Amino acid sequence: MRRPTTSTRTRKPQCRGPRTPCRTATDVVARFAQGAKTVVIDAPPEQILELLDLEGAGTLRITGTSRVRITTSTPHHQTKSPAIVVTDAAQVQLEGHTRCYAYTIAVIEAFDDTRVEARNKTTVYAVDRAKVRAADESTIYAYDQVTVHAEGHTTDNSRILLHEGAHATAQRGVTIHGPARSNTQVR
């Protein structure tokens with residue numbers, strides 16, 4: 001029979017918070033303050049969560065039919081803000097220097113200097129100087145000085161609608177509409 005070994009090194013207990021989704025902005029801030037690696041938001045659609053200058057080293061996942069407004073006032077490389085992932089039928093409004101990754105049928109409204117990586121059947125309304133990278137079957141509505149890059153499987157069913165000074169770089173086969181469609185560069 002083997003004798004149990006004893007170690008002089010003690011294990012640090014794993015600090016795990018509750019795994020239930022957050023439903024309020026104060027819950028989100030509190031979870032990141034406690035050191036959570038992943039914080040999930042699944043709020044009712046009649047409630048809009050307002051998140052300002054989030055700090056944390058993990059991931060903020062917005063799911064379900066949640067409606068969230070996120071503002072980041074300083075550039076991403078100067079702060080330690082969480083990665084933002086938007087999935088399902090969530091609707092998110094981004095302002096300032098916020099960055100996010102959108103999947104499934106999420107709807108994103110991007111303003112100021114935001115950056116969006118759109119995949120699957122997401123819809124992005126981009127304004128001001130936002131930058132959007134689209135793949136799969138994303139639909140992008142671009143206004144003002146927005147930059148759009150369409151790649152990957154976007155040649156199947158993606159659509160880009162350009163207005164005002166917006167411009168796009170796309171692969172052949174991407175459908176581009178709008179009065180500024182001449183601002184397109186084909187790769």
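## Two parallel sheets in one chain

Six parallel bridges join strand β4 to strand β6 (residues 91-96). Thr72 stands opposite Gly96 in β6. Strands here are DSSP runs of E with at least two residues, helices are runs of H or I with at least four, and both are numbered from the N terminus. Two strands count as paired if DSSP finds at least two bridges between them.

This is a predicted model, in which local features need pLDDT of at least 70 and side-chain atom pairs count only at pLDDT 80 or more, while totals for chains, interfaces and linings use all residues. Residues are numbered from 1 along each chain as its sequence is written, and side-chain values use heavy atoms, with hydrogens and water left out.

**The chain overall**

The protein chain has one helix and 17 strands. Of its 187 residues, 38% are buried. Buried means under 20% relative accessible area, exposed means over 50%, and partly exposed lies in between (1.4 Å probe, protein chains only). The exposed surface comes to about 11000 Å², with carbon and sulfur atoms supplying 48% of it. These areas come from the Shrake-Rupley method with a 1.4 Å probe; for residues, only the protein chains shown count as cover. Take the contacts between residues at least 6 apart in sequence: 17% of them join residues at least 24 apart. A contact means heavy atoms within 4.5 Å.

**The eight-strand sheet**

Eight strands make an open sheet in the order β2-β4-β6-β8-β10-β12-β14-β16, and the pairing is parallel. The edges are β2 (48-52) and β16 (175-177); each has a single partner strand, so one side of each lacks a neighbour in the sheet. From one strand to the next, the twist averages 15°. Angles run from 0 to 180 degrees between N-to-C directions, and axes are lines fitted to C-alpha atoms, for helices over the stretch in contact.

Leu52 has Thr71 in β4.

**The nine-strand sheet**

The other sheet is also open. Its nine strands follow the order β1-β3-β5-β7-β9-β11-β13-β15-β17, with parallel pairing. Here β1 (38-41) and β17 stand at the edges with a single partner strand each, so one side of each has no neighbour in the sheet. Neighbouring strands are turned by 15° against each other on average, direction ignored. Helix α1 (residues 25-33) packs on this sheet and touches β1 and β3 (59-62). The direction of α1 makes about 170° with that of β1.

Strand β15 (residues 167-170) pairs in the parallel sense with β13 (residues 147-150) over four bridges. It also runs parallel to β17 (residues 184-186), with three bridges. The table lists bridge partners from these two pairings.

| Residue | Bridge partner | Strand of partner |
|---|---|---|
| His149 | Thr169 | β15 |
| Ala170 | Val186 | β17 |

In a regular strand the side chains alternate between the two faces of the sheet.

**Ile84 and its contacts**

Ile84 lies in strand β5 (residues 83-86). It is buried, with a relative accessible area of 5%. Leaving out residues up to four places away in sequence, Ile84 touches Leu60, Ile62, Ile70, Thr98, Arg99, Cys100 and Tyr101. Thr98 is 14 residues from Ile84 along the chain, and their C-alpha atoms are separated by 8.6 Å.

**Cysteines**

Cys100, one of the residues that Ile84 touches, is buried at 2% relative accessible area. Cys22 is buried too, at 0%. A search of the whole structure finds zero disulfides. A disulfide would be a pair of cysteine sulfur atoms within 2.5 Å.

**The aromatic pair**

The whole structure holds one aromatic pair. The ring centres of Tyr125 and Tyr141 lie 4.8 Å apart and the planes meet at 10°, so the pair is stacked. Tyr125 sits in strand β10 (residues 123-126) and Tyr141 in strand β12 (residues 139-142), so that the pair links distant parts of the chain, 16 residues apart. Rings of Phe, Tyr and Trp (its six-membered ring) pair if their centres lie within 6.5 Å; planes under 30 degrees apart count as stacked, over 60 as edge-to-face, and the rest as tilted. Tyr125 is partly exposed, at 33% relative accessibility.
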